[in-house]
Each structure stands twice: as structure tokens, then as C-alpha cells.
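Below are some notes for a colleague who has not looked at this model before. Please keep the structure open while reading them.

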Amino acid sequence: MPIGLAPTVRSTFEAHRIDFDAMENAPLLDLPFNPGCRIRGYSAINQPNCQIIVEDFMPGDEIWWTFAHDEIQYAISGEMEVEVYLPPLYSEVKKAHIVPGTVYSYPVGARKHLKVLGDKPFRHICFCPPSPDYPFPTLEEIKGA
């Protein structure tokens with residue numbers, strides 16, 4: 001049982017320096033509901049308040065995804081086109097061309113369709129509050145593999 005005023009498990013301070021070299025050794029994971037699409041990445045921080053993932057989408061892939069939580073992302077390299085269908089009726093559509101240095105957000109319930117452009121992966125950082133506890137390996141697990 002947690003001690004203190006909060007009735008739930010609390011997050012703690014954590015700092016992480018992104019290891020871009022490790023990304024090349026991260027395992028390719030099948031993306032649910034997207035046959036043939038594989039992503040790679042690792043969980044940099046996973047606290048109750050937020051999971052932070054460094055993630056690559058592969059060149060040429062087209063991905064559909066629906067968000068079960070709010071998510072903020074920051075583009076590091078590569079580029080993609082994205083269409084975001086907003087709840088509740090999904091008739092409002094936002095489109096964007098995402099390049100390195102772009103920060104963007106998806107609201108809970110949003111459905112996205114993206115296409116990775118060019119010949120290199122689209123690398124980004126995902127901030128997922130609260131933590132959905134996605135099954136990405138940690139940096140330590142990648143380096144130990």
C-alpha cells in the first residue's frame with residue numbers, strides 16, 4: 001500500500017539520455033492491426049504518469065492506429081504524412097506533413113493514418129500519459145541482447 005497522501009502508485013524522477021545507436025539494434029515488432037508493418041523502439045522511461053518511447057516507423061509503411069490515451073510526439077528524423085480523424089464522429093480530419101523538429105499531439109480516441117515518406121525510418125519520441133505500458137524493450141534489454 002502506498003504511503004502518503006496519494007491513493008495510487010506515484011511516479012518518481014527519472015532522466016534518460018537517448019541512445020540513437022541502440023535503435024539500430026532494437027527488435028522489429030509486428031504492429032497490431034497493420035499486417036506487414038513492423039516498428040522498432042525502446043521504452044526510455046515508464047512511470048505511472050507517462051511512458052516515453054523512442055520509436056521508428058519503417059520507410060514506405062502506411063499505418064492505421066487509434067489512441068486509447070492522449071499522446072504527444074516529437075519528430076527526430078525522416079518524414080511522414082498524417083491524417084487524423086477526430087472523435088466523436090470521425091468526420092473532422094486534420095492533415096499534416098511531419099518533418100524533424102515538429103511537435104504534434106493526438107487526443108484520446110483519435111484515429112490516424114500515416115505514410116512514411118522517403119527511404120529512411122521516421123524516428124520520433126512518444127510521450128504517453130498516463131503510461132499505457134506498451135511492451136517495448138528497455139535500453140538495458142537492447143544492450144544486453
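1. Basis of the notes. This is a predicted model, in which local features need pLDDT of at least 70 and side-chain atom pairs count only at pLDDT 80 or more, while totals for chains, interfaces and linings use all residues. Residues are numbered from 1 along each chain as its sequence is written, and side-chain values use heavy atoms, with hydrogens and water left out.

2. Salt bridges in general. Side chains of opposite charge can pair when their charged atoms come close. The structure holds nine salt bridges; the term is used for a side-chain nitrogen of Lys or Arg within 4 Å of a carboxyl oxygen of Asp or Glu.

3. Arg-40 and Glu-24. These two residues form a salt bridge, with 3.5 Å between the closest N and O atoms. Arg-40 belongs to strand 2 (residues 38-47) and Glu-24 to the loop between helix 1 (20-23) and strand 1 (28-30), so the bridge ties together parts that are 16 residues apart in sequence. Helices (H or I, at least four residues) and strands (E, at least two) are DSSP runs, numbered from the N terminus. Arg-40 is buried at a relative accessible area of 12%, whereas Glu-24 is partly exposed at 49%. Here buried means under 20% relative accessible area, exposed over 50%, and partly exposed in between (1.4 Å probe, protein chains only).

4. Glu-24 and Arg-123. Glu-24 also forms a salt bridge with Arg-123, where the closest N and O atoms are 3.2 Å apart. Arg-123 lies in strand 10 (residues 122-128) and Glu-24 in the loop between helix 1 and strand 1, so this pair ties together parts that are 99 residues apart in sequence. Arg-123 is buried, with 9% relative accessibility. Which residues make up the network of salt bridges that includes Glu-24? Glu-24, Arg-40, Asp-56 and Arg-123 are linked in it.

5. Arg-38 and Asp-30. Another salt bridge joins the side chains of Arg-38 and Asp-30, at 3.2 Å from N to O. Arg-38 is partly exposed, its relative accessible area being 36%, and Asp-30 is exposed at 61%.

6. Nonpolar surface patch. Ile-72, Tyr-74 and Val-103 make a nonpolar surface patch of about 260 Å². Patches are made of residues with over 30% relative accessible area and no salt bridge, like charges being joined within 9 Å and nonpolar side chains (Val, Leu, Ile, Met, Phe, Trp, Tyr) within 5 Å. Accessible areas come from the Shrake-Rupley method with a 1.4 Å probe, and for residues only the protein chains shown count as cover. Val-103 lies in strand 8 (residues 103-106) and is exposed, with a relative accessible area of 56%.

7. Largest pocket. A pocket is an open set of points, on a 1 Å grid over the protein atoms alone, where a 1.4 Å probe fits, with protein on both sides within 12 Å along at least five of seven lines; lining residues have an atom within 4 Å of a point. The largest pocket holds about 290 Å³ of space, a volume being the space filled by probe spheres set on points that are joined across faces, edges and corners. Its lining has 19 residues, and Leu-31, Ile-39, Glu-55, Trp-65 and Phe-136 lie nearest its centre.

8. Make-up of the pocket lining. Which strand supplies the largest share of the lining of the largest pocket? Strand 3 does, with three residues. Strand 1, strand 3 (50-57), strand 4 (62-66), strand 5 (71-77) and strand 10 each give at least two residues to this lining. By class, the lining has 14 nonpolar, one polar and four charged residues. Ala, Val, Leu, Ile, Met, Phe, Trp, Tyr, Cys and Pro count as nonpolar, Asp, Glu, Lys and Arg as charged, and the others, Gly among them, as polar.

9. Cis peptide bonds. The bond from Pro-87 to Pro-88 is cis, with omega near 15°. Pro-87 is in the loop between strand 6 (79-86) and strand 7 (92-98) and is partly exposed at 32% relative accessible area. A cis peptide bond also joins Pro-129 and Pro-130, with omega about -20°; Pro-130 lies in the loop between strand 10 and helix 2 (139-144).

10. Positive phi values. Phe-33 is a residue other than glycine with a positive phi, near 70°. Phe-33 sits in the loop between strand 1 and strand 2 and is exposed, with a relative accessible area of 80%. Tyr-90 has a positive phi near 60°; Tyr-90 lies in the loop between strand 6 and strand 7 and is partly exposed at 34%.
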